[in-house]
Number of protein chains: 2
Amino acid sequence: MPTISAKGQSMPESPIRKLVPYAEAAEKAGKKVLYLNIGQPDIATPQVALDAIKNMDRKVIEYSHSAGFASYRNGLADYYKSVGIDVEASEILVTTGGSEALIFGFLSCFNPGDEVIIPEPFYANYNGFTNIAGVKITPVTAKIEKGFALPDIEDFEKLITDKTKGIVICNPGNPTGYLYSKEELEELAKIVQKHDLYLFADEVYREFCYDGAKPYSVMNLKGIEQNTILIDSVSKRYSMCGARVGALISRNKELISTALKFAQARLSPPTLAQIASEAALKTPQSYFDEVIEEYVDRRDILVDGLNEIEGVFCPKPKGAFYCVAKFPVDSTEKFCQWLLEEFDYNGKTVMMAPASGFYATKGLGKDEARIAYVLEKSALKDAVECLREALKVYPGRVEVPSTAAERSI
Amino acid sequence: MPTISAKGQSMPESPIRKLVPYAEAAEKAGKKVLYLNIGQPDIATPQVALDAIKNMDRKVIEYSHSAGFASYRNGLADYYKSVGIDVEASEILVTTGGSEALIFGFLSCFNPGDEVIIPEPFYANYNGFTNIAGVKITPVTAKIEKGFALPDIEDFEKLITDKTKGIVICNPGNPTGYLYSKEELEELAKIVQKHDLYLFADEVYREFCYDGAKPYSVMNLKGIEQNTILIDSVSKRYSMCGARVGALISRNKELISTALKFAQARLSPPTLAQIASEAALKTPQSYFDEVIEEYVDRRDILVDGLNEIEGVFCPKPKGAFYCVAKFPVDSTEKFCQWLLEEFDYNGKTVMMAPASGFYATKGLGKDEARIAYVLEKSALKDAVECLREALKVYPGRVEVPSTAAERSI
């Protein structure tokens, strides 16, 4: 039998994969599992997008241009202008989800053996995309005690070697929900410029900013226009994760024309989903207003509820729909498994994603978990209650000193 | 400005890319361009697939399972059984087009620097997919004089080094239309088994076999069950190229679980297109009967017409909807450009794909072109007439001895 490739062997598995059989067993045992482990929102896709598909009058589902429909790229340019990002259609490449944008971007910018710095905890699939390109991730740790703010620029500086070719950020962040300020990003720009690095910014949660906070795009940072790559997706914005439509955006023409060669090899992004995505550009502001209001309520129920539990600490995020919480337990891997396998409260239990899978540094995040607040409010109330009761009886509970510093964030 | 990666630089451009501006200029000049250069059929997508999209009652376009909808994978297993390929749903991974299936397959099986043998001329995008995986293509030349039959096994044997890890075939073939016989494939199986290679077979044109010929799948070759990977796609079968739904199929469980890790990183194949693809499994046989009849007529008009032109030679393909023809010209790159730039017949001209882009060996195919017969019959008649007239006046015309051997195929 022929052997599997080295890359195939080192390709990481999903951090929650190990828990899936326990969740299935819990369901089988009649428990209601509250799934807080994945970023699949329950919010309805805008009607205008669904209608475009239903009313489609094409007789042949043809390839689109490899860079996406021209009309959609023009529409996207208008959308970006409307959110303060001044880009032309020619600077936009439509991709099969944000995932493909990252893969094409990494393949275009990095050689095998190159290093990219990523603040951890980070979206676990970055491990897979860098593995495809043969790139090594150098993590710089963001601290839960600081609410996962951007690590000090000196911390980045220390990690730069002659192999360092880029920095990757997610803003607002998955898994932390942290929203970088303009000042933090300007600090980052200095180091990008100084070492002539690529700066990838995954801004797919742009619309999900709370408490009046405004997102600041890396596309507006001065002096690094040729270094900056914006990664985007319709998945979260319009609650159409299954569409698989994203975008790679850069003012670096050589980069766009290189990424286009990868795009030509795979022929075209999905046509049906582009029809839906183009129509979604007409989503009324009221849709977003309602969605944001809903997420703020959900966040408050979840995060405030968690922080009221003795020994739990959860920074309150200003963006996205995730948070990372610290639990007074021996290990969240064990705790999450125990919740599914051994526990229920009024027939319900909770599935969370242990945070260790979001850290590249071994040993970090082992008492943390990522929680997505993508369920309705009543389910989130139940989840908080469930966790409160669980922590009263979990055998691996440990006592954690609750510091004033932690509580003050 | 940071540098583009080596892979990005070596990523090949589409072989017809250079001609596109000339086609656009021809259109602008008021000529009708008959596009025979691409494999985008004009055949209608089955109504049952379009209806499934129009009647969709989902409120949220959610991710599917990373391996595809369970119901679709089960339906696909039934479809494969119906065409004589006995596979289970667990042996099928739904991908974003056949392109992604090839990328995941190559990344899972091959290390950078490994070699794969591919009969040339071959589908030009294999260059891109092997480039992504860092794999080197070793071409083995199929001869137009032999109708592009499988090269002798001794020719393969000579090319095998300690770096050779696989063989890739396309059957029926793009660009040649050649359909490998069971006997040819059994010869291939011997060398695959002897050297324990992976055998990738791109069988996306399975339904397009003519003159009573039946396709034989590599999945039915004995003794190499763990070596064989079937690449499939709905693009051509149901004329829905823009759906971007394909499949990677293998009985090698380790390979499927490895490819699944790549699939998990990109989350899910497109949901809307999977709905259409699953419905397309119910396409009535009458649809295929009509399509095949249409393609046979088109092929006969085109290939018989070409062979009637003095100095032109085109083997008659038994599958797919392409042929490669030899022209009495100095260079088909020049001829194809001249057709667009300098020529028209009754206001019409033809766009073809110069065949040199389908050969890996430099210098081969320079008097050949790939022609896709994806236009209606009257347009193909016009195209043949146009080529006949063009060859009377093309300044780069050369005299080619028309050998009996060539004419006898």
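Reply: A369(B) is found in strand β12 of chain B, residues 368-372. Strands (E, at least two residues) and helices (H or I, at least four) are DSSP runs, numbered from the N terminus. The model is predicted, and local features need pLDDT of at least 70, side-chain atom pairs count only at pLDDT 80 or more, and totals for chains, interfaces and linings use all residues. Residues are numbered from 1 along each chain as its sequence is written, while chains are lettered from A and ligands numbered from 1 in the order in which they are written.

A369(B) counts as buried because 30 other C-beta atoms lie within 10 Å. The cut-offs are 20 or more such atoms within 10 Å for buried, 12 or fewer for exposed, and anything in between for partly exposed, with C-beta atoms placed from the backbone. Setting aside residues up to four places away in sequence, A369(B) touches A325(B), F327(B), T332(B), C336(B), M352(B), A353(B), P354(B) and A355(B). Contact here asks for C-beta atoms, placed from the backbone, within 7 Å. I301(B) is 68 residues from A369(B) along the chain, and their C-alpha atoms are separated by 17 Å.

T141(A) sits in strand β4 of chain A, residues 136-141. T141(A) is partly exposed, since 16 other C-beta atoms lie within 10 Å. Apart from neighbours within four places in sequence, its contacts are E120(A), P151(A), T361(A) and L364(A). One of these, T361(A), is 220 residues away along the chain, yet the two C-alpha atoms are separated by 8.2 Å.

The buried residues of α8(A) are L185(A), L188(A) and V192(A). Seen down the helix axis, they fall within an arc of 60 degrees, so they line one face of α8(A). That arc is taken over the directions from the helix axis to the C-beta atoms. These buried residues pack against β5 (164-170) and β6 (198-202) of chain A. On the other side of α8(A), E183(A) and K194(A) are exposed.

Most residues other than glycine have a negative phi, and most peptide bonds are trans. D196(A) lies in the loop between α8 and β6 of chain A, and is partly exposed, with 13 other C-beta atoms within 10 Å. A320(A) also has a positive phi, near 60 degrees. A320(A) belongs to the loop between α11 (285-308) and β9 (322-326) of chain A, and with 29 other C-beta atoms within 10 Å it is buried. The peptide bond from N171(A) to P172(A) is cis, with omega near -5 degrees, and P172(A) is in the loop between β5 and α8 of chain A. In chain B, the bond from N174(B) to P175(B) is cis with omega near 20 degrees; P175(B) lies in the loop between β5 (164-170) and α8 (182-195) of that chain.

Now the pair of chains. Chain A can be laid on chain B with an RMSD of 0.0 Å by a turn of 180 degrees and a shift of 0.0 Å along the axis. That is the relation of a two-fold axis. The superposition is by least squares on the C-alpha atoms of residues with pLDDT of at least 70 in both copies. In chain A, the C-alpha nearest the axis belongs to K54(A), 2.0 Å from it.

The interface joins 64 residues of chain A to 64 residues of chain B. Among the helices of chain A that each supply at least two residues to its side are α3 (47-54) and α10 (271-280). α9(A) gives the most, with seven residues.

The largest nonpolar core has 268 residues, of which L272(A), A276(A), L272(B) and A276(B) touch the most other members. Such a core is a set of buried Ala, Val, Leu, Ile, Met, Phe, Trp, Tyr and Cys residues joined through C-beta atoms within 7 Å. Leaving aside neighbours within four places in sequence, L272(B) is in contact with I53(A), A243(A), L272(A), A273(A), A276(A), I53(B) and I61(B).

Definitions and conventions
Two residues are in contact if their C-beta atoms, placed from the backbone, lie within 7 Å.
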